[in-house]
Amino acid sequence: MSHTFPPTHQVTNPQLAASWSDWFGDHTEALIGIPLRIALIVVILLVLRAVAKRAITRVVQRVLEPPAGEAERSRPRRSTRGAAVLHRDRSRARQRREQRARTIGSVLSSVVTIVLFMVGVAMVLDQVGIALGPLLASAGVVGLAIGFGAQSLVADYLSGLLIMVEDQYGVGDSVDLGEAIGEVEHVGLRLTHVRDLNGGLWHIRNGEILRVRNDSQEWARAVLDVAVAHDANLDTVYRVLEDTGRALRDEPEFADVLLEDPAVWGVQSLDADGVLVRLAVKTVPLQQWGVTRELRRRVKDALDDAGIEIPFPRRTVWLRTDPADAEADALTR
């Protein structure tokens with residue numbers, strides 16, 4: 001008696017194929033749909049990042065373009081001994097504009113990248129099926145702890161960004177930040193570097209800057225106080241000062257430096273040694289000190305030519321002697 005058994009492959013293969021087909025049918029969304037959506041999210045975010053960076057780069061390049069006429073103004077003028085201090089490097093303005101534009105562009109690019117990255121991570125986790133609520137709560141607690149621990153650092157970066165956006169000062173400006181007074185050499189998001197008159201380099205955290213006096217924005221004023229003797233004719237003094245100021249502005253070296261004719265403001269004070277007369281004129285930024293020095297030299301020569309005396313401190317000494325002491329001194333002799 002013979003027994004026949006059906007081939008096992010004829011029975012198991014259809015079952016195995018059916019099970020694989022059912023498994024693929026049940027997991028089609030997980031194997032194909034979710035990866036495709038994740039890839040689409042990544043592609044869209046990369047395109048948005050590229051478009052945003054391109055827009056930021058165009059804005060930065062537009063800011064870096066020199067304004068019309070800057071090349072003409074930047075040509076060196078004929079230098080003289082008295083006006084040498086006025087011939088500063090006009091590329092400082094361009095350097096300041098470039099640093100400000102590049103820094104703001106870098107910050108904007110970083111912000112765009114971080115925001116898109118966070119949005120992409122959240123969307124991918126949502127596609128995978130991970131709940132975002134607990135993650136966001138944990139991230140909020142961690143961010144709060146980091147914020148409390150790095151308050152000064154956050155304040156420094158925010159203050160530095162506002163300083164650049166508002167253009168409070170820049171490289172080459174002469175500023176007064178409290179104890180630090182001098183010329184700005186670098187402006188960063190966290191630190192500002194100021195070189196003082198003695199050559200010392202100050203490193204100031206931007207979060208500690210509470211007020212700024214900028215002597216380099218829009219225009220400046222050269223102020224000169226001239227002391228004359230009490231018996232000097234003030235009308236003559238006024239005329240000499242006004243003529244000296246007009247002659248200074250008529251010279252080619254100072255035509256673009258002085259924004260108006262020097263004006264005599266009048267008597268500033270009456271001192272024991274003389275009369276103080278004030279002369280003032282508007283100048284372009286950072287040129288007021290050179291103009292003041294040149295005015296001081298020319299005013300001195302003009303007053304000497306006009307015979308007007310510049311007073312010097314006078315000192316009166318009183319000697320009191322007792323008559324009895326004087327008589328005794330005479331007897332001893």
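Good morning. A residue is called buried when its relative accessible area is under 20%, and exposed when that area is over 50%; between these limits the residue is partly exposed. I shall rely on these words throughout, in speaking of a predicted model.

Let me begin with the whole chain. The protein has 333 residues, and 28% of them are buried. Its secondary structure consists of 9 helices and 8 strands. The accessible surface amounts to about 22500 Å², and carbon and sulfur atoms account for 59% of this area. If we take the contacts between residues at least 6 apart in sequence, 65% of them join residues at least 24 apart.

I turn now to the charged side chains. Side chains of opposite charge can pair when their charged atoms come close. In this model the count of salt bridges comes to 13. One of the pairs is Arg298 with Glu294, at 2.8 Å from N to O. Are these two residues buried or exposed? Both Arg298 and Glu294 are buried. They stand 4 residues apart in helix H8, and therefore about one helical turn separates them. The general principle is that an α-helix has 3.6 residues a turn, so residues three or four places apart point the same way. Arg298 and Glu294 also belong to a network of salt bridges, together with Glu251, Arg297 and Asp301.

Next, consider helix H6, residues 151-166. The buried residues of H6 are Asp156, Gly160, Ile163 and Met164. They lie on the same side of H6, because they cover an arc of only 90 degrees around the axis. On the other side of the helix, Leu158 and Glu166 are exposed.

Directly after H6 comes Asp167. Most residues other than glycine have a negative phi. Asp167, however, has a positive phi, near 55 degrees. This residue is in the loop between H6 and strand S1, and it is partly exposed, with a relative accessible area of 25%. Leu286 also has a positive phi, near 70 degrees. Its place is the loop between strand S8 and helix H8. Why does Leu286 count as buried? Its relative accessibility is 18%, and the limit for buried is under 20%.

Finally, I draw your attention to the surface. Val111, Val115, Val119 and Met123 form a nonpolar patch there, with about 290 Å² of accessible area together. Val111 is found in helix H4, residues 91-128, and it is partly exposed, at 43% relative accessible area. Thank you for your attention.

Note on methods
Residues numbered from 1 in each chain as written. Predicted model: local features only at pLDDT ≥ 70, side-chain atom pairs only at ≥ 80, totals over all residues. Heavy atoms only, no water. Buried < 20%, exposed > 50% of the residue type's maximum accessible area, 1.4 Å probe, protein only. Helix = DSSP H or I, 4+ residues; strand = E, 2+ residues; numbered from the N terminus. Arc of directions from axis to C-beta. Patch = residues over 30% accessible without salt bridge, like charges linked within 9 Å, V, L, I, M, F, W, Y side chains within 5 Å. Areas by Shrake-Rupley, 256 points an atom, 1.4 Å probe, with all protein chains shown as cover. Salt bridge = Lys/Arg side-chain N within 4 Å of Asp/Glu carboxyl O. Contact = heavy atoms within 4.5 Å.
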